[in-house]
Amino acid sequence: MNKITKIIIGIILLVIVVWGGVKLLGTKNEKAIEPIKIGVILPLTGNVAKYGEEMKRGVELAVEKNKGIPIEVFYEDSKFDTKEGVSVYQKLKNANGVQIMITAGSPVALAISPLANSDKVLQMSIAASTPKYTSENDFTFRVTTRSEVENQELAKFVVPRYKNIGLLYANNEWGISHYGAIKSEIEKLKGNIVAEETFLMEDIDFRTKLLKIKSKNPEAVFLLAVAKNAGVILKQAKELGIKTQFFGTQSLQSQDLISIAGEATDGILYSYSLNLQSEDPTIKAFVEKYKAQYNEEPTSYVAEGYDSLSLIAKAFNECKEINTNCMKTKLSEVRDYPGILGILTLDKNGDVYYPYFIKTIKNGQFVKYEE
């Protein structure tokens, strides 16, 4: 090897070493994009697992829509139990370093909210309608209206048609909040409450309570129950020869209800928020995408899951970092956001408002009520 060749080889080696060093230095100094860790606490087993699965689908569709943002989702099962919900919250925060949580259900959301505020963890809730969740200028938000918003529309529809009304509701935070709201609205409209009965979600025999209500001769009965409980109640009511008009909230729209009660569900009336016939381009595109992906229509719980994560992604985009103080401020400033549930505005309490309409069940199908 001659001298010139040795020099050329030396220069090449030097360039390789220097260039490699520059690349290594650049790699070391480059700031890695930190993914947003979001803990999603849903009821994935038990009586309300169907709702939880629908919420999860909504969250996943929103993650896909916001794929430009590095999002890492950690799902946990609350089993619709407050102790389990708090336990998995602590796990997500301490073991996974999660600073943003999506929670579902009034009892679980309410149990977690003081912890989230103390820890400065951003909490967005689905299917949490209890007024007790409302708190001003803190880290808790929701995409569900307060119970009285839904019940106002329901009472306005029912009371002019049925004056003597019975109440049958679940004995938990969700049930009690709706009981208080519907009772207040019925009384404001001069309706007459003739019977009140409550039950536990683990109950399987409702005949005694149904017979007590029947003895008071109500024209209609407000049924506040998850679909599986409601299915058994409607089936047993039919067996007892009860022909009273039943009405309730959007929790009644579920295939679980049809599967259990069959034709006993026909004619039931309930309030609902997701307008599948909307011509709004955002809602229309969402409905079409969901139907194409799952071969069925989305529910309000799918929409709530989608809107909850979409609002979190919006706040992150505006803050440019995972900063729950900044994101809290950005969420409190949300005005006229084009959500799947409608045009969303969050108030100073983190509460949201959108309209409801009345639906019914005909021949096993969930349809808009028309007189």
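Which residues in helix 11 meet Cys326, Met327, Lys330 and Leu331 in helix 12? They are Leu311, Ile312, Ala315, Phe316, Glu318 and Cys319, where a contact means heavy atoms within 4.5 Å. Helices here are DSSP runs of H or I with at least four residues, strands are runs of E with at least two, and both are numbered from the N terminus.

Before going on, a word on what you're looking at. This is a predicted model, in which local features need pLDDT of at least 70 and side-chain atom pairs count only at pLDDT 80 or more, while totals for chains, interfaces and linings use all residues. Residues are numbered from 1 along each chain as its sequence is written, and side-chain values use heavy atoms, with hydrogens and water left out.

As for confidence, pLDDT (the predictor's own score for each residue, from 0 to 100) averages 92 over the chain, and 91% of the residues score at least 70. Residues 13–31 are another story: pLDDT stays under 50 there, and the model gives them 0 contacts beyond four places in sequence. Where pLDDT is low, the predicted coordinates should not be read in detail.

Back to the helix pair. The axes of helix 11 (residues 300–319) and helix 12 (residues 324–332) come within 9 Å and cross at roughly 115°; axes are lines fitted to C-alpha atoms, for helices over the stretch in contact, with angles from 0 to 180 degrees between N-to-C directions.

Strand 13 (residues 357–362) instead pairs with strand 14 in the antiparallel sense over 4 bridges, and Lys359 has Lys368 as its bridge partner. These two strands make a hairpin with 2 residues between them, and Asn363 in the turn has a positive phi of about 50°.

Methods. Pairing = 2+ DSSP bridges.
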